Amino acid sequence: MRDITVAERLEIAELLGRYGRLIDARDWDALGTIFAADARFDIAPLGARGVLEGLPAIQHHMAHAARHPAAHHITNVHVEALRDDCALASSMLIAVQHDGSAASGLYEDEVVRTAAGLRIRRRRFSWVLPPG
């Protein structure tokens, strides 16, 4: 492992924050700027089919099956370490529901540098405070 530079921390924080904005904008094509082509996204706590395998599966689920809140607020970004070819990061989600209530979740990510820039290769979601 090596130390993470301030520039790397900022770039990762921007990547994680951009995810929430793209989801709220329903810009499914732009998810290719967030996820690696071979990304895995574990969404089992959301009541979905478990792990989404690959960018096309993530885009399809987001466009056709996900129940999105009114707004995603990504906060409390923490970049933990650089290990091998990836950075381990976590961030919190404040999900503002359509009725004005809020829920909270945790994203745990492996972020890799690709030829196109930083991308999430592995993502796991879990609820801290589920909706309802």
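The second largest pocket has a volume of about 180 Å³. A pocket here is an open set of points on a 1 Å grid over the protein atoms alone, where a 1.4 Å probe fits, with protein on both sides within 12 Å along at least five of seven lines. Grid points are joined across faces, edges and corners, and the volume is the space filled by probe spheres set on the points. The model is predicted: local features need pLDDT of at least 70, side-chain atom pairs count only at pLDDT 80 or more, and totals for chains, interfaces and linings use all residues. Residues are numbered from 1 along each chain as its sequence is written, and side-chain values use heavy atoms, with hydrogens and water left out.

The lining of this second largest pocket consists of R2, E8, I12, L82, D84, D85, C86, A87, V111, V112, R113 and L118, where a lining residue has an atom within 4 Å of a point. Two or more of these residues come from each of α1 (6–24), β4 and β5 (102–114). Helices (H or I, at least four residues) and strands (E, at least two) are DSSP runs numbered from the N terminus. The biggest contribution is that of β5, with three residues. By class the lining holds seven nonpolar, no polar and five charged residues. In this scheme Ala, Val, Leu, Ile, Met, Phe, Trp, Tyr, Cys and Pro are nonpolar, Asp, Glu, Lys and Arg are charged, and the others, Gly among them, are polar.

At least two lining residues come from each of α2 (55–64), β4 (86–96) and β6 (117–129). The lining of the largest pocket divides into 16 nonpolar, five polar and one charged residues.

The fold itself comes next. The protein has two helices and six strands, in the order α-β-β-α-β-β-β-β along the sequence. Its radius of gyration is 14 Å, close to the 14 Å of the globule rule for 132 residues, so the protein is as compact as a globular protein of that length. That radius is taken over C-alpha atoms, and the rule is 2.2 Å times the number of residues to the power 0.38. The C-alpha trace spans about 45 × 30 × 25 Å along its principal axes. Of the contacts with a separation of 6 or more, 48% join residues 24 or more positions apart, a contact being heavy atoms within 4.5 Å.

Of the 132 residues, 43% are buried. Buried means under 20% relative accessible area, exposed over 50%, and partly exposed in between, with a 1.4 Å probe and protein chains only. The largest nonpolar core has 31 residues, and Y19, L31, F35 and F41 touch the most other members. Two or more of the core residues come from each of α1, β1, α2, β3 (71–83), β4, β5 and β6, and α1 has the largest share, six residues. Such a core is a set of buried Ala, Val, Leu, Ile, Met, Phe, Trp, Tyr and Cys residues joined through side-chain atoms within 4.5 Å.

F41 shows how the parts meet. Apart from neighbours within four places in sequence, F41 is in contact with Y19, F35, G50, V51, L52, I58, M62, Y107, R123 and F125. In α2, I58 and M62 are buried, along with L55, A57, Q59 and H61. The buried residues of this helix pack against α1, β1 (35–42) and β2 (51–53).

Some single residues complete the picture. Q97, in the loop between β4 and β5, counts as buried at 17% relative accessibility. Beyond four places in sequence, Q97 touches P69, A70, A103 and P131. I94 is in strand β4 and is partly exposed, with a relative accessible area of 37%. Its contacts, again leaving out residues up to four places away, are A71, H72, H73, T75, A102 and A103.

Two residues other than glycine have a positive phi. For R26 phi is near 55°; R26 lies in the loop between α1 and β1 and is partly exposed at 34%. For N76 phi is near 50°; N76 sits in strand β3 and is exposed, at 55% relative accessibility.
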